[in-house]
Amino acid sequence: MARPRVLSGIQPTADSFHLGNYLGALRQWVTLQETHDAFYCVVDLHAITVPTEAAALRRRTRVAAAQLFAAGLDPERSTVFVQSHVREHTELAWVLNCLTGMGEAARMTQFKDKSAKFGESAASVGLFTYPILQAADILLYQANSVPVGADQKQHLELTRDLAQRFNHRYGDTFTLPAPHILKEVEKITDLQEPTAKMSKSSSSPAGILDVLEQPGPLRKKVMRAVTDTGSEVVFDEANKPGISNLLRIHSALTGTSIAELVARFDGQGYGTFKKEVAEAVVETFTPIRERTEKLLSDETELDRLLAIGAGRARDVAQRTMVQVRDRVGFLPTS
Ligand code: TRP
């Protein structure tokens, strides 16, 4: 039997992924390639929904792709590609735009949050239709499952609604994708503000652990992480959000249960505990950073890997679009 297909995307909006991205996306994607037919894309079309300089986009797209390979995505097994290399994304997005109600799009909470930053009328139409492009990413590949953070639930619901609407109106065409939501994603928080999500758009540099950061600064940030009153290493989300976050980080990186960690650090104070958290972070990130640097030192080779991924992605996307065009009533091109 064919393996179920998984598709996910990540934006190239920073010069490094951070711990939240690593635990919430990258690491999970690597595991899924063992059991799934995996498609992963660096969503550069999504990145330009907010003002972005060309040179920065180019650099960040390569840095993002290199980190995906460095974290363990195997170009033989996983199809890793850049969204803009497969023109069908924008083409299907247009068709889906025409199936989406204004009110339906206006309910997307991520748009409301993001556009609030610019002032609603300064936000681009692209930002408004962002979730529809995301639906196209997913539906083009007939994905069965989509690993995403909890903040993407609403976009996945829209994707399913659009797939059903298209299938109903034009005949069965799209697979209905199921969201695959991982717990840790919801939980990794800012080191300086442990009740807020670790996020490249809102965290201060001191609150974020970057995959490509050197061991020195990584250790410093963990040691300076905001902790709570008292000195006991206990898991208590409400009263000790800082220590609870560090416990989750340690547990996620070392595979030790939180209960076991709490028992082990009983009576030892925050300092000893934080040192161990820092080591776990450094040990995880150092090999990934080194492999990323190596990949980035040979752009020709990196671009070659991405061309292979794009070729494989295009094969699938084109097959879907032949059907879509026909069903919608566009004349054949030849
Ligand atoms: N919107 C997603 C995020 O911010 C990124 C994304 C774009 C994506 N296209 C996708 C995720 C397709 C899953 C599938 O995390």
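The paragraphs below go from the ligand to the pockets and then to a cavity.

This is a predicted model, in which local features need pLDDT of at least 70 and side-chain atom pairs count only at pLDDT 80 or more, while totals for chains, interfaces and linings use all residues. Residues are numbered from 1 along each chain as its sequence is written, and side-chain values use heavy atoms, with hydrogens and water left out.

We begin with the ligand. Its surroundings, meaning residues with a heavy atom within 4 Å of it, consist of Leu-7, Ser-8, Gly-9, Val-43, His-46, Tyr-130, Gln-134, Asp-137, Ile-138, Val-146, Val-148 and Gln-152. Sorted by class, this shell holds six nonpolar, five polar and one charged residues, where Ala, Val, Leu, Ile, Met, Phe, Trp, Tyr, Cys and Pro count as nonpolar, Asp, Glu, Lys and Arg as charged, and the others, Gly among them, as polar.

Taken alone, the ligand exposes 370 Å², and the protein buries 88% of that, with accessible areas coming from the Shrake-Rupley method with a 1.4 Å probe.

Which elements give two or more residues to the shell around the ligand? They are strand E1 (5–10), helix H7 (125–140) and strand E4 (145–148), and H7 gives the most, with four residues. Helices (H or I, at least four residues) and strands (E, at least two) are DSSP runs, numbered from the N terminus.

Next come the spaces themselves. Rolling a probe the size of a water molecule over the atoms shows where empty space is left. On a 1 Å grid over the protein atoms alone, a cavity is a set of points where a 1.4 Å probe fits but cannot get out, and a pocket is an open set with protein on both sides within 12 Å along at least five of seven lines; lining residues have an atom within 4 Å of a point.

The space taken by the ligand is the largest pocket, a molecule being placed in a pocket if more than half of its atoms lie within 2 Å of the grid points. This pocket holds about 1400 Å³ of space, a volume being the space filled by probe spheres set on the points. Its lining counts 50 residues, and Gln-11, Gln-110, Lys-114, Asp-151 and Lys-200 lie nearest its centre. Helix H6 (109–118) supplies the largest share of that lining, six residues.

The second largest pocket contains about 220 Å³ of space, and among the residues that line it are Asp-44, Arg-58, His-85 and Asp-303. Helix H3 (54–70) and helix H14 (299–328) each give two or more residues to this lining, and the largest share, five residues, comes from H3.

Finally, how many cavities of 30 Å³ or more are counted? The count comes to one, and the largest cavity has a volume of about 40 Å³. Its lining is made of Gln-110, Phe-111, Lys-114, Leu-127, Tyr-130, Pro-131 and His-155, and the elements giving two or more residues to it are H6 and H7.
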